[in-house]
Every structure is written in C-alpha cells, then in structure tokens.
Amino acid sequence: MELSEAILQRRTIKDFKPGPVPAELLERALDTGRWAQNHKLTQPWRFALLGPETHRRLAEGFAEAQATGAVSDAERDQVRRDATAKLLSKPSIVAVSQRLEGSAAQRKEDYGAISCAIQNIQLAAWAEGVGMQWSSGKIIALPQTYELLGIEPVKEEIVGLLFFGYPAKVPAPPPRRPLGEVLRRLP
Ligand SMILES: Cc1cc2nc3c(=O)[nH]c(=O)nc-3n(C[C@H](O)[C@H](O)[C@H](O)COP(=O)(O)O)c2cc1C
C-alpha cells in the first residue's frame, strides 16, 4: 500500500470482526510508535497490551461506571450488559500513557509526540488490514482503570485506549474542510 493511500484511506474503526489480531502484527504496529518524531527524544510513550483477564476486568469497570446514572435496576442491568458487550467486542486493546515529566511546555510537546506515535501505529496496522480506534472516553480517567493497568497517576497519564481488530465495517470518510479554507498563502 502506498503511503499516501494509507493516509487518505485510513479510518477510525469501531466495528470489528470477532477474532484476535495476531500478536506479532500488533507488536509490529506498536513498534512503529517508537519511531515517531519527538522533540528532545523524551520518548514519553508507554504501552500496555491487555491480556484476556485485564480486558474482561476493564469491561466490568467500564460497565459499572456507565451504570452509575441509571434510574432503575432494570436500566442498570441493561446498561451494564451493553457496556460490557461493547468493550468485549474490541478484539485487542492497548492502553497508551504519557510519562509526566518536565515543564508544562515539555508535556505539551510530549503529548504531540504521542499523537504522532499513535498515528504511526494506526497507519502501520491499517497497511496490514487491521483497523483501530483511539478512545479517549471517560474510562481512561477512572481511578480503577489506573489501578487495573498498574499506572500511577502522578507519574503517567493515560491518553487513550487503542481498540484494534479486523474491520467489520469501514465508515465513509467524515468530510474535511477543503485545503483552500484552512490554508492562507502569505506573500
Ligand atoms: C485525541 C483523539 C481522541 C479521540 N477519541 C475518540 C473517542 O473517544 N471516541 C471515538 O469514537 N473516536 C475518537 N477519536 C477518533 C476521531 O473521532 C476520528 O478520528 C474522527 O471521527 C475522524 O474519523 P477518521 O479517523 O476515520 O478520519 C479520537 C481521535 C483523536 C485524535
């Protein structure tokens, strides 16, 4: 696959076919993250690849958190079931966290570098037919998520969960503003 083709055709994938992503493929994709551009080479990224038990416990924690606003037992049960099924439908999950080091300026640049790393990873997976969603929903801020993943919030911040799998559906590209609207040509 040509690089420009991968960049333009890459989509955020939320619906996956059941079945795992081969571990070697996932690690190849994650490995490209280490090669992202990174001011001062702080290498702020940390990755945690969830095994089945952690995946299941994450789904349970997510379900509990989702169910807190429910007004009846029946609704609570339904919300729990839906939330559990949703997370368990993600074939592979990798948590990405940022080492919290240095000044506010460094942390901003480190977040930029991690975003570049995630883009590398998503494109590398995409080139091998595997889709991904970067999830930054409230699950990544829950204390129990930090505890489950063994991440100390004073040292690292979870910036996303990456859901990987073979796409069941590739959505149409969400429209972008044309270049002419976002580019100013200066003399
Ligand atoms: C920092 C960041 C956080 C994101 N968090 C979420 C998220 O929580 N849930 C989600 O569905 N998509 C999330 N996305 C993916 C975007 O929604 C997606 O890129 C956008 O809809 C455009 O679709 P595309 O990636 O297919 O071009 C996130 C993307 C970025 C860069």
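Reader: Which residues are around the ligand?

Author: The model is a predicted one. The residues around the ligand are Arg11, Thr12, Gln133, Trp134, Ser135, Ser136, Gly137 and Pro174. To be listed, a residue needs its C-beta atom, placed from the backbone, within 6 Å of the molecule.

Reader: What is the order of the strands in the open sheet?

Author: The four strands run in the order β1-β2-β4-β3, and the pairing is antiparallel.

Reader: Why is one side of β1 and of β3 left without a neighbour in the sheet?

Author: β1 (45-49) and β3 (131-135) stand at the edges and have a single partner strand each, so one side of each stays without a neighbour. On average, neighbouring strands of this sheet are turned by 25° against each other, direction ignored.

Reader: What makes β2 and β4 a pair?

Author: Two strands pair if there are at least two bridges between them. Strand β2 (residues 92-99) and strand β4 (residues 156-165) have eight bridges, in the antiparallel sense, so they meet the condition. In one of these bridges Ala95 has Leu161 of β4 as its partner. Helix α2 (residues 23-33) packs on the sheet and touches β1, β2 and β4. The direction of α2 makes about 170° with that of β1.

Reader: How do you know that residues of α2 meet residues of α5?

Author: Contact requires C-beta atoms within 7 Å, placed from the backbone. In α2, Arg28, Ala29, Leu30, Thr32 and Gly33 meet Ala117, Ile118, Asn120, Ile121, Ala124 and Ala125 in α5. Seven residues of this contact are nonpolar, three polar and one charged. The axes of α2 and helix α5 (residues 104-127) come within 7 Å and cross at roughly 150°. The crossing is right-handed.

Reader: What is the angle between α3 and α4?

Author: Helix α3 (residues 52-67) and helix α4 (residues 73-88) pack at about 145°, with axes 8 Å apart. α3 passes α4 in a right-handed crossing. Among the residues of α3 that take part are Leu58, Phe62 and Gln66, and those of α4 include Val79, Arg80 and Leu87. This contact divides into nine nonpolar, two polar and three charged residues.

Key:
Residues are numbered from 1 along each chain as its sequence is written. This is a predicted model: local features need pLDDT of at least 70, side-chain atom pairs count only at pLDDT 80 or more; totals for chains, interfaces and linings use all residues. Helices (H or I, at least four residues) and strands (E, at least two) are DSSP runs, numbered from the N terminus. Axes are lines fitted to C-alpha atoms, for helices over the stretch in contact, and angles run from 0 to 180 degrees between N-to-C directions. Two residues are in contact if their C-beta atoms, placed from the backbone, lie within 7 Å. A crossing is left-handed if the near helix is turned anticlockwise from the far one by less than a right angle, and right-handed if clockwise. Ala, Val, Leu, Ile, Met, Phe, Trp, Tyr, Cys and Pro count as nonpolar, Asp, Glu, Lys and Arg as charged, and the others, Gly among them, as polar.
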